[in-house]
Amino acid sequence: MSSVMSTASAANSDDLIIDGSAYQSRLLVGTGKYRDLEQTRLAVEASGAQIVTVAIRRTNIGQHQDEPSLLDVLPPQRYTYLPNTAGCYSAEEAVRTCRLARELLDGHTLVKLEVLGDEKTLFPDIVQTLEAAATLIAEGFRVMVYTNDDPIIAKRLEDMGCVAVMPLAAPIGSGLGIRNPHNIRTIIENAKVPILVDAGVGCASDAAIAMELGCDGVLMNTAIAGAREPVLMASAMKKAIEAGRESWLAGRIPKKRFASASSPLDGTFF
Amino acid sequence: MELVINGKPEQLPDGLSASALIAHLGLQSTRLAMEVNREIVPRSRFDSHYFQPGDRIEIVRAIGGGGQ
């Protein structure tokens with residue numbers, strides 16, 4: 001009983017803290033690329049995510065204004081919305097997007113900043129990202145920032161006042177997994193703000209590896225929405241994030257070249 | 001007067017307010033945000049904001065999106 005209690009209290013004390021708010025889930029999910037809103041809802045529920053990213057786009061004028069919207073199926077009272085600047089290729093576009101999102105979501109200031117460099121790689125444009133981050137922070141936004149896996153830039157973004165730094169594991173939507181675990185590790189070791197892997201995860205083991213490196217969380221969309229069974233993959237990702245986190249907290253054994261028997265040698269009768 | 005709404009030129013009556021435009025477009029019950037010539041017009045000012053000919057208006061909403 002007491003061990004059950006202590007496990008429960010340990011779990012409670014392991015919340016993810018972003019900008020002073022506590023989250024029990026370390027999996028953040030995007031809401032794009034699903035078949036329909038119902039599949040979006042089911043996948044987000046199966047993922048256990050509490051923070052969901054959304055895009056800000058033009059309203060379709062004259063079309064189906066009575067159709068349910070994302071805000072109907074994922075109520076903002078229940079989920080923390082993370083408007084993101086996906087699709088922006090300049091600091092100016094990203095800043096305008098965040099200002100519109102703040103107005104749309106009644107003064108909500110937590111945003112995901114992403115300024116892209118080119119369409120082939122979707123790598124971040126770091127010069128534009130730094131410029132946008134400075135403007136947004138000065139305007140009172142709480143910025144979670146997508147960046148590459150460069151430890152120097154990650155630290156710079158933290159020092160500017162970003163509330164979380166989110167290096168890519170691999171190109172957006174590539175599913176290649178963690179391409180540079182050593183850099184991700186270095187970014188984590190240097191950081192005082194949460195570090196979340198954002199982009200590149202392809203399957204549940206990739207998510208677990210990110211967490212075993214010591215990441216505070218993982219943000220993904222395509223790996224779930226693009227799976228053959230998105231709702232099942234969402235459930236797999238939830239477990240992988242939890243397993244990876246516990247594995248990190250538990251502390252892995254050192255790797256050795258040769259075997260080390262797990263049964264005692266004392267008392268053998270042969 | 002001509003206004004450019006979400007990238008499309010539209011002919012609309014002079015002296016149109018933001019509230020009147022939203023009603024004209026049937027968007028009263030939609031959660032949205034508006035930018036006019038790259039400046040936010042808060043919903044609280046829709047009644048008192050009047051458009052000028054040539055204004056470029058963006059009306060946006062939240063939709064499913066990345067994450068990656």
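This note sets out points on the predicted model of chains A and B.

1. Chain A. The secondary structure of chain A amounts to 10 helices and 10 strands. Its radius of gyration is 20 Å, close to the 18 Å that the globule rule gives for 270 residues, so chain A is as compact as a globular protein of that length. Taken along the principal axes, the C-alpha trace of chain A spans about 85 × 40 × 40 Å.

2. Chain B. One helix and five strands make up the secondary structure of chain B. Read from the N terminus, the order of these elements is β-β-α-β-β-β. The C-alpha atoms of chain B occupy a box of roughly 45 × 20 × 20 Å along the principal axes.

3. Extent of the interface. The size of an interface is often given as the accessible area lost when the parts come together. For chain A and chain B, the buried area is about 2900 Å², and carbon and sulfur atoms give 52% of that area. Three residues, A:Arg58, A:Glu103 and A:Leu104, supply 24% of the area that chain A buries against chain B, more than any other three residues. The contact draws on 37 residues from chain A and 28 residues from chain B.

4. Polar and charged pairs across the interface. Between chain A and chain B, 16 residue pairs are in polar contact, with both residues at pLDDT 80 or more. On the side of chain A that touches chain B, the residues divide into 16 nonpolar, 11 polar and 10 charged. Six salt bridges are found across the interface of chain A and chain B. One of the salt bridges joins the side chains of A:Arg58 and B:Glu58, with an N to O distance of 2.7 Å.

5. The elements of chain A that give two or more residues to the side touching chain B are β4 (51-58), α3 (70-73), α4 (91-104), β10 (217-220) and α9 (222-225).

6. Strand pairing between the chains. Strand β4 of chain A is joined by five bridges to strand β5 (residues 56-64) of chain B, and the two strands run antiparallel. Within this pairing, A:Arg57 has B:Arg61 in β5 of chain B as its bridge partner.

7. Salt bridges in the whole structure. Over all chains, the structure holds 19 salt bridges. Among them is the pair A:Glu45 and A:Arg41, whose side chains meet at 3.2 Å, N to O. A:Glu45 and A:Arg41 are separated by about one helical turn, because they lie four residues apart in helix α2 (residues 37-47) of chain A.

Terms used. Residues numbered from 1 in each chain as written. Chains lettered and ligands numbered in written order. Predicted model: local features only at pLDDT ≥ 70, side-chain atom pairs only at ≥ 80, totals over all residues. Heavy atoms only, no water. Contact = heavy atoms within 4.5 Å. Buried area = accessible area lost by both parts, 1.4 Å probe. Salt bridge = Lys/Arg side-chain N within 4 Å of Asp/Glu carboxyl O. Polar contact = N/O pair within 3.5 Å; in protein donor to acceptor, adjacent residues only side chain to side chain. Nonpolar A, V, L, I, M, F, W, Y, C, P; charged D, E, K, R; others polar. Pairing = 2+ DSSP bridges. Rg over C-alpha atoms; globule rule 2.2 N^0.38 Å.
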